[in-house]
Amino acid sequence: MGSEMCIRDSIGAAHIEGFGSLKETASTKAAIYDALPAEGWAIVNLDDDFSDFFVQRLKAQQENGRLLSCSMHSAEANFFASDIQQGESGLTFTMNINTAEEQQAIPITLNFLGQHNIYNALLAIAMAKTLDITNDQVTQGLSMVYPERGRLSLCQSANNITLIDDSYNANPASMEAAIDVLNALSKKLQKSAILVVGDM
């Protein structure tokens with residue numbers, strides 16, 4: 001595909017500080033898209049509440065075939081994740097690529113807990129494809145990435161206890177994601193779950 005410039009973004013409650021509302025945050029972040037030259041690539045997460053708002057700002061990219069989309073819920077996206085499985089030490093899913101240049105279904109392995117991390121992988125894959133990075137390089141690169149310490153990192157300890165360390169930071173959305181991971185993993189491992197929560 002080739003690329004000089006590529007922009008992707010998503011809007012969440014964690015970004016609201018200083019902007020007053022999610023809508024104001026989206027408007028401010030959309031200015032990044034407004035500054036994107038017509039030959040630049042834009043990637044929009046179709047599952048974002050503001051995806052239509054962003055797409056409306058990207059008419060030049062649409063006309064030039066340089067607007068890509070990703071999703072975990074819409075098979076209409078250019079990059080769509082399906083067959084998602086949360087394992088004890090990470091995620092697996094099928095990356096369905098549907099662009100003018102390529103139609104592929106590629107198995108992906110991530111060393112991350114929490115399905116929300118699939119969005120980061122989707123956006124990274126879309127950006128990589130604009131740079132003509134091969135599918136083998138993409139899958140290899142993603143398999144070599146590990147979470148930062150304190151960001152849903154998995155630790156085994158004595159007495160068959162599994163510890164999930166998510167102490168780096170907290171906001172309502174990340175706390176909800178951490179609870180979802182704890183719940184899913186405790187069911188999968190058939191272990192009791194204990195949530196220890198500090199200040200947010």
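This report walks through the fold, the nonpolar cores and a few individual residues of a predicted protein model.

Residues are numbered from 1 along each chain as its sequence is written. Because the model is predicted, local features need pLDDT of at least 70 and side-chain atom pairs count only at pLDDT 80 or more, while totals for chains, interfaces and linings use all residues; side-chain values use heavy atoms, with hydrogens and water left out.

**Overall layout**

Let us start with the chain as a whole. The protein chain has six helices and eight strands, taken as DSSP runs numbered from the N terminus (helices H or I, at least four residues; strands E, at least two). Along the sequence they follow the pattern β-α-β-α-α-β-β-β-β-α-α-β-β-α. Of the 200 residues, 38% are buried, where buried means under 20% relative accessible area, exposed over 50%, and partly exposed in between (1.4 Å probe, protein chains only). The protein chain exposes about 11500 Å², and carbon and sulfur atoms supply 50% of it; accessible areas come from the Shrake-Rupley method with a 1.4 Å probe, and for residues only the protein chains shown count as cover. Among contacts (heavy atoms within 4.5 Å) with a separation of 6 or more, 52% join residues 24 or more positions apart.

**The cores**

A nonpolar core here is a set of buried Ala, Val, Leu, Ile, Met, Phe, Trp, Tyr and Cys residues joined through side-chain atoms within 4.5 Å. The largest one holds 25 residues, and Phe79, Phe93, Met95, Ile108, Leu110, Ile118 and Leu122 touch the most other members. At least two residues each come from β2 (41-45), β3 (67-71), β4 (79-86), β5 (91-98), β6 (103-110), α4 (117-130) and α5 (135-143). Helix α4 gives the most, with eight residues. Apart from this core lies another, of ten residues, among them Ala26, Ala30, Val44 and Leu58.

Leaving out residues up to four places away in sequence, Phe79 touches partners including Leu68, Cys70, Met95, Ile97, Leu122, Ile125 and Ala126.

**A buried glutamine**

Gln86 lies in strand β4 and counts as buried because its relative accessibility is 17%. Its side chain makes two polar contacts, defined as pairs of N or O atoms within 3.5 Å; within protein, one atom must be able to donate a hydrogen and the other to accept it, and residues adjacent in sequence count only if both atoms are side-chain atoms. A polar side-chain atom of Gln86 lies 3.0 Å from the backbone oxygen of Gly90, and one lies 2.7 Å from the backbone nitrogen of Gly114. Beyond its neighbours within four places in sequence, Gln86 is in contact with Leu91, Phe112, Leu113, Gly114, Gln115 and Lys188.

**Residues with more accessible area**

| Residue | Relative accessible area | Class |
|---|---|---|
| Asn98 | 38% | partly exposed |
| Leu195 | 45% | partly exposed |
| Asp83 | 55% | exposed |
| Gln190 | 74% | exposed |

Asp83, in strand β4, has a positive phi of about 55 degrees although it is not a glycine. Gln190, in the segment after α6, also has a positive phi of about 55 degrees without being a glycine.

Asn98 sits in strand β5. Asn98 and Glu76 are 22 residues apart in sequence and 8.3 Å apart in space, C-alpha to C-alpha. With residues up to four places away in sequence set aside, Asn98 touches Ala77, Asn78 and Gln103.
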